[in-house]
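Subject: Structure for your review

Dear colleague,

Please find below the structure that I am handing over to you. I would be grateful if you would read the notes that follow with the structure open beside them.

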Amino acid sequence: MSEKVTRLRAAWVVGYRDGDHCLLPDGEVVWQGERILFVGFDYTGQVDEEINAGNCLVGPGFIDLDALGDLDTTVLAFDNQPGWKKGRIVAADWHRRDLYSREQLNFAKHYAYSHLLLNGITSFAPITSILYREWAEDFDEYLYAADVAESLGARAWLGPAFMAGYYASDNQGQFSWNGNRQRAQQGLDDAVNFYQRMQQRGVSTLSGMLAPDRIEGGDAVWLQDLGDVVTSLGCPTRLHCCQSELEVGEIARRYQGRSSLQVLDENGLLNRHMLLPHGQFLGGVNPSSASVAEDIARLAQSGASVVACPLVSGRHGKYLEHYPALKAAGINLALGSDTFPADMFTNMQMGVVLTRVVTGDIAAASAADYYRMATLGGAQALGRDDLGRLAAGCQADMMLVNLDQPALGQIFDPITSLVLNGNGRDVTGVIIAGRKVVWDRELVNSGQSAAALHAESQQVFAHIISTYPERTVGHPPVEEIVTSSFPRVTRGAVHE
């Protein structure tokens, strides 16, 4: 028996024509099974189910290539700096151990993946923190992650994080790198085995990827081995680089003054498979116009994608100052959320604003630019031209945004209005591979409501905060690590 044909009508449909998005007022999308049959007006074929979405925008689901996959502790650093004194780099005298139970890790994935869907993100590559780990992530943990993603109906690229070593700090803020060759090799082997397991699993919405933790977490052997594996497998590989001053300084020290992108290039790790968050420190430790231009040329020639994460970057006072040059060079730009909330509308707005601020040019970026990054850019990075757009033959991955929300203000152009005033909470429906996974703000396939997940998340978050003293430099009490914005007055306190 053939699968049913569904037609969805809405006040606005984001179609796709001549290599770019277009807007269809009072348009419709028709799909059968996982695939879109028609996008336009007045479909004349047989229809088995009609959905009238009313005053909504229907667009392609967002693609998040650096999606928060656990509870976000970067928020604790928002007003608590410097990071090395506040647990963002572990204490040198900490005996590493797993601070989350397996049950807590599993819950965090269910919680995070649910929030991604509720925010209209239909394709994601999750990332979790390894600050709370005895080492990194493991094979079995991500088998469970795959189960969670499949049960929720999500489209996910999955792979355990792995590394060759990590940084620790002493009481004076002096950093040391701690490597382990045996664990470096085991992590890479497990990552390859997991990628192959995802291929064997045969679920159309689940794919494997390689998720090496970050460039400074590797050593020379690890980078060369990783380059060989990426070349062999030809799969999406996400590696954080050009992210921090610590990174570029350490890479220059360990690799004879080279920039991070030089090191990647020399190890076969600049190619079309590479997804590179955050792209903020180009040109090496002492950048010049020439060294920045050389790095941009390397990226352009390689086909690698830069994954911008505007919200988390802006919170830490840094953003892509070379955005116009990257765009002009034809480098593929995609988006990641990398923090809570997993709100791509906020990330798009923050990206446009920060780009204009750091460049001093109001024309440097537009709402359309960042909408493309959240859709078409992510699809190109993954090598999937059937994602990120609504067109015949593409995957029926889409989201519905309610335009009746008073907070949106007046709709003069739906995309610009949403980038200016939209919020992930305006997403009312999400369809992946032709199936509803969020409808009327409810998770269709989840055994828990968003409210129940929220209540449990508070308990897990309180637990992880309680572990900060043991892994923070000097081991101060929690209240000195995570300070209160204003003094807390307890019941019964005496006041003059």
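In this predicted model, there are 27 salt bridges. Some of the pairs are described below.

One of the salt bridges joins Arg102 to Asp138, with 2.8 Å between the closest N and O atoms. This pair links distant parts of the chain, as the two residues lie 36 residues apart. Arg102 belongs to helix H1 (residues 102-118), whereas Asp138 sits in the loop between strand E8 (121-127) and helix H2 (139-152). Arg102 has a relative accessible area of 33% and is therefore partly exposed. For Asp138 the value is 29%, so Asp138 is also partly exposed.

A further salt bridge is formed by Glu137 and Arg133, whose closest N and O atoms are 3.6 Å apart. Are these two residues buried or exposed? Both Glu137 and Arg133 are buried, which means that each has a relative accessible area under 20%.

Lys318 and Glu321 also meet through their side chains in a salt bridge, at 2.7 Å from N to O. Lys318 is partly exposed, with a relative accessible area of 23%, and Glu321 is partly exposed as well, at 38%.

Yours sincerely

Technical notes
Residues are numbered from 1 along each chain as its sequence is written. This is a predicted model: local features need pLDDT of at least 70, side-chain atom pairs count only at pLDDT 80 or more; totals for chains, interfaces and linings use all residues. Side-chain values use heavy atoms; hydrogens and water are left out. A salt bridge is a side-chain nitrogen of Lys or Arg within 4 Å of a carboxyl oxygen of Asp or Glu. Helices (H or I, at least four residues) and strands (E, at least two) are DSSP runs, numbered from the N terminus. Buried means under 20% relative accessible area, exposed over 50%, partly exposed in between (1.4 Å probe, protein chains only).
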